[in-house]
Amino acid sequence: MKSVMVKLFGLSVLVCSTSAFSVDKVEPSADKCKGKAVIEVVSFAVNAGVSETQLIAAANKINADLAKQTGFISRNLAYDKAGEWVDIIHWRNLASAESAAQHMMQNEKAGEFFALIDQSKMKMAHYCDAK
């Protein structure tokens, strides 16, 4: 994995407004995923003082907007006992995942969700479904 500068769902626009943040990002080539579903996995920790209830409520606020995105299949939010979270979104293809990310850059609710996340511990990856 290499570290790259990205804008993810508007975090840099809505939360940091002047700069992008660095995440470890895995991106398959469009050719490799051609005709395959894509699984987007974002792992992260929350900022100090953010409760499980707060994070889940903020995540739930964007579910309807995500569900309206072309190619959206499903979303799961989960956490472990150490406090690491994963947000897993299934898309029909890589283009849909990338298009949704662009749309969410303009979404105020997504900005509220990402404001709760410790950006320094966020990792994002897109995987081609092996099916």
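Cys-33 and Cys-128 are joined by a disulfide, with an S to S distance of 1.8 Å. The model is predicted, and the structure holds one disulfide.

**Disulfide**
- The link of Cys-33 and Cys-128 is left-handed, with -85° about the S-S bond.
- Cys-33 counts as buried because its relative accessibility is 3%, under the 20% cut-off.
- Cys-128 counts as partly exposed because its relative accessibility is 23%, which lies between the 20% and 50% cut-offs.

**Asn-107**
- Asn-107 sits in the loop between α4 (94-104) and α5 (108-114).
- With a relative accessibility of 9%, Asn-107 counts as buried.
- The side chains of Asn-107 and Asp-65 are joined by a polar contact of 2.7 Å.
- The Asn-107 side chain also reaches the backbone nitrogen of Lys-109, at 2.8 Å.

**Confidence of the prediction**
- The average pLDDT of the protein is 81, and 77% of the residues score at least 70.
- Confidence is highest in strand β5 (residues 85-91), at a mean of 98, and lowest in helix α1 (residues 11-15), at a mean of 27.
- Over residues 1-23, pLDDT stays under 50; for residues 1-23 the model has 62 contacts beyond four places in sequence.

Notes: Residues are numbered from 1 along each chain as its sequence is written. This is a predicted model: local features need pLDDT of at least 70, side-chain atom pairs count only at pLDDT 80 or more; totals for chains, interfaces and linings use all residues. Side-chain values use heavy atoms; hydrogens and water are left out. Helices (H or I, at least four residues) and strands (E, at least two) are DSSP runs, numbered from the N terminus. Buried means under 20% relative accessible area, exposed over 50%, partly exposed in between (1.4 Å probe, protein chains only). A polar contact is a pair of N or O atoms within 3.5 Å; within protein, one must be able to donate a hydrogen and the other to accept it, and residues adjacent in sequence count only if both atoms are side-chain atoms. pLDDT is the predictor's confidence in each residue, from 0 to 100. Contact means heavy atoms within 4.5 Å. A disulfide is a pair of cysteine sulfur atoms within 2.5 Å.
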